[in-house]
Amino acid sequence: MPSQLWPYLTPGIPDELFERLPGIPLSKRDIRLLLIAQLRIQPDTVLWDIGAGTGTIPVEVGLLCPYGQIVAVERDVEVANLIRRNCDRFEVKNVEVVEGSAPECLSSLPKPPHRVCIEGGRSIKTILQEVWRYLLPQGRVVATASNLESLYAISQSFAELHARNVEVVQSAVNRLETRGFSQTFAAVDPIFILSGEKLD
């Protein structure tokens, strides 16, 4: 359901429309589009977003899945409140923000998920393995890696969990920026987006 601030049916909310806090990560719009495409959501999807940060994914998916339920997990109270404020900005009503650390808090989350988004985390391998226990059959996990260690940990976990239809996409995005009197293309930091499915 569109909001007044973003009255469109398509994802891709500009980064500057979100409220931010210094040092808190934000999934850049172009990366967000790739990530949402890999989630393969439906109108009634239940999504867990682990390490929701600024709340860009919960907001976008909340707008795209009017009958769905999005659970945003964030361990920092101030950041959790930032997610709530961003949901309010975009009139998103189907996001529940849970203050807690994964994987310890996962057992208390409402409803098992159809989709899980994991954007980083101190123990991403442990989080992924724990998430898999709650993921519904035919469910899908999408995880991001910004370094070689995370890429290896996620790949290894998918192999150990016998994930099916595993896909790996690396972003390569450049944005036109004005610097002084000239316009130049600046690269957005590349991110690996890995996805896998639980078929039984």
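## Notebook: helix packing and the sheet

I began with the contact of H1 and H2, where Arg32, Leu35, Ile36 and Leu39 in H1 meet Thr56, Ile57, Glu60, Val61 and Leu64 in H2, contact being taken as heavy atoms within 4.5 Å. I sorted the residues of this contact into six nonpolar, one polar and two charged, where Ala, Val, Leu, Ile, Met, Phe, Trp, Tyr, Cys and Pro count as nonpolar, Asp, Glu, Lys and Arg as charged, and the others, Gly among them, as polar.

Before going on I noted that this is a predicted model, in which local features need pLDDT of at least 70 and side-chain atom pairs count only at pLDDT 80 or more, while totals for chains, interfaces and linings use all residues. Residues are numbered from 1 along each chain as its sequence is written, and side-chain values use heavy atoms, with hydrogens and water left out.

**Helix pairs**

I took helices (H or I, at least four residues) and strands (E, at least two) as DSSP runs, numbered from the N terminus. The axes of H1 and H2 (residues 56–64) come within 11 Å and cross at roughly 55°, axes being lines fitted to C-alpha atoms, for helices over the stretch in contact, and angles running from 0 to 180 degrees between N-to-C directions. That angle makes H1 oblique to H2, since angles under 35 degrees count as roughly parallel, over 145 as roughly antiparallel, 65 to 115 as roughly perpendicular and the rest as oblique. I recorded the crossing of H1 and H2 as right-handed; a crossing is right-handed if the near helix is turned clockwise from the far one by less than a right angle, and left-handed if anticlockwise.

I then turned to H4 (residues 124–134) and H5 (residues 148–160), which pack at an angle of about 30° with their axes 9 Å apart, and are therefore roughly parallel to each other. H4 also passes H5 in a right-handed crossing. From H4, Ile124, Lys125, Leu128, Gln129 and Trp132 meet Ala153, Ile154, Gln156, Ser157, Phe158 and Glu160 in H5, and the residues of this contact divide into six nonpolar, three polar and two charged.

**The sheet**

In what order do the seven strands of the open sheet stand? I read the order as S3-S2-S1-S4-S5-S9-S6, with mixed pairing, where two strands pair if DSSP finds at least two bridges between them. S3 (95–99) and S6 (164–170) stand at the edges with a single partner strand each, so one side of each is left without a neighbour in the sheet. The twist averages 15° from one strand to the next.

S4 (residues 115–119) runs parallel to S5 and is joined to it by five bridges, with Ile118 opposite Ala143. S5 pairs with S9 (residues 192–198) in the antiparallel sense over seven bridges, and Arg140 stands opposite Glu197 there. S9 pairs in turn with S6, again antiparallel, over five bridges, with Gln170 opposite Phe192.

Two helices lie across strands of the sheet: H1 (residues 29–39) across S1 (46–50), S4, S5, S6 and S9, at about 155° to S5, and H3 (residues 77–89) across S2 (69–74) and S3, at about 175° to S3.

**Single residues**

Not counting residues up to four places away in sequence, Val116 touches Leu39, Leu47, Trp48, Ile50, Val131, Leu135, Arg140, Val141 and Val142.

In the loop between S3 and S4 I found Pro103, which a cis peptide bond with omega about 10° joins to Ala102. Lys111 lies in the loop between S3 and S4, has a positive phi near 60° although other than glycine, and counts as exposed at 52% relative accessibility. Asn165, in S6, also has a positive phi, about 50°, and is partly exposed with a relative accessible area of 47%.

Six bridges join S7 (residues 174–179) to S8 (residues 182–187) in an antiparallel run, and Phe185 in S8 is the bridge partner of Leu176.

Technical notes:
Buried < 20%, exposed > 50% of the residue type's maximum accessible area, 1.4 Å probe, protein only.
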